[in-house]
Amino acid sequence: MRGKNVVGLIFANVDEGTLNDITGIRSVASVPFGGGYRLVDFTLSNMVNAGMGKVGVITNSNYQSLMDHIGSGKPWDLARKNDGLYLLPPFNSEAISNYNMGELGALKNVMNFLAKSGEEYVFMSTCSYVANLDLKDVFDFHEKSGADITLLSVEGRIPQFENQPVIEETENGRITKLRLATPDDTNGKYILRASLMKKALLERLAREAFSTGETSFEKGILLKNLNRFKFCEYKLPGFTAVMDSLDSYFKANFALLDRNNFDSLFPASRPVYTKTYEDMPAVYGLGSDVRSSLIADGCIIDGEVENCILFRGCRIEKDAVIKNSILMPNCFVGEAATMNYVIADKSVSIRSRRSISGADTYPVYIGKEIQI
């Protein structure tokens, strides 16, 4: 199977309720991550690195930031005369209502897009996780296993998404028992919200689910057809972080301060592409002290920064002390201010001698453009 014979579908808004604070003004896909990226960058880059040349990004609301970021798809080499990148927003009130049902409702809105796509296979994914996947290996696994549907699996803390599938039993790589997670579930093997199958099969199963009034992809397609078709799991190697809460988003970012995780997510052989900005390198003042942090271009630091992630254009004044915090683009921290366990959205301004502190299990979130 070649990548150019696979059409990609990215669900930009699915699961956004789990990141309520950050997604109040943007889709999940456009949530900033890792000091210089958006969550959609990882899924898009995985597809492009596998040779996929047609990708539809399905969105519902708050997609102005996403449109500004992905544009024509040029950073991912998807600005093409034929195929390339397609932004697929809702076109009427019924389509908006459909999307509120999740992945299955979103699929209902893009059936015409799928029907007109000439590719034989479809790879679908949400943006609520980051991983650097070698999708060529996934394609090869799908063919060699004879699977009807290949589902990506991860072992670890089970996310608390609505209708989160959990694998209970497998036999020679085939999933034989699948259920939905409960609030009592902690660790186990679960399905990442990404799957590969033939386009014709997806269209068939989706129409069957629509005809019976199903509203859940997991219930209407996965659980309902587990014994009818061959479902196989592809176990993800390397670093994978799933974001189902503000706390898990916070920890996923800080996991990158571990060199092994960073190298796993950003290998030289499979680059992660993003929209770039022309900016000066970070400037460190004579009295600055920066340790164990990711610092983007355009930052000016005269204070103390420890165990932090700073996006482009942040300004840290003299004697300010910033620890265990995430500062999104263009934040300002005044002289002698202190911050600890804080997530500051874009263009937040902290005045001189202010002090803000959260906890490692409960970071304080400061909304976009707020001044304190």
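## Parallel sheet

In this predicted model, strand β18 (residues 304-306) and strand β21 (residues 321-323) run parallel and are joined by three bridges. Within that pairing, Val 305 has Ile 322 of β21 as its bridge partner.

The two strands belong to an open sheet of five strands, whose order is β15-β18-β21-β24-β27 and whose pairing is parallel. At its edges lie β15 (289-291) and β27 (355-357), each of which pairs on one side only. From one strand to the next, the twist averages 5°.

## Helix α1

Helix α1 spans residues 39-49, and because 10 of its 11 residues are buried, the helix is largely enclosed by the rest of the structure. The buried residues of α1 include Leu 39, Val 40, Phe 42, Leu 44, Met 47 and Val 48, and among them are also Asp 41, Thr 43, Ser 45 and Asn 46. After α1 comes Gly 51, which has a positive phi, near 90°.

Phe 141 is partly exposed, its relative accessible area being 25%, whereas Tyr 234, at 14% relative accessibility, counts as buried.

Phe 262 and Phe 266 make a tilted pair, because their planes stand at 40° with the ring centres 4.9 Å apart. Phe 262 counts as partly exposed because its relative accessibility is 25%, while Phe 266, with a relative accessible area of 18%, is buried; the cut-off that applies to Phe 266 is that buried means under 20% relative accessible area.

## Charges over rings

Two contacts between a charged side chain and an aromatic ring can be described here. The charged end of Lys 54 sits over the ring of Phe 113, at 5.1 Å from the ring centre. The charged end of Arg 312 sits over the ring of Tyr 277, and in this contact the distance to the ring centre is 3.8 Å.

Key. Residues numbered from 1 in each chain as written. Predicted model: local features only at pLDDT ≥ 70, side-chain atom pairs only at ≥ 80, totals over all residues. Heavy atoms only, no water. Buried < 20%, exposed > 50% of the residue type's maximum accessible area, 1.4 Å probe, protein only. Phe/Tyr/Trp six-rings, centres within 6.5 Å; stacked < 30°, edge-to-face > 60°. Lys NZ or Arg CZ within 6 Å of the ring centre and 35° of its normal. Helix = DSSP H or I, 4+ residues; strand = E, 2+ residues; numbered from the N terminus. Pairing = 2+ DSSP bridges. Axes fitted to C-alpha atoms, helices over the stretch in contact; angles between N-to-C directions.
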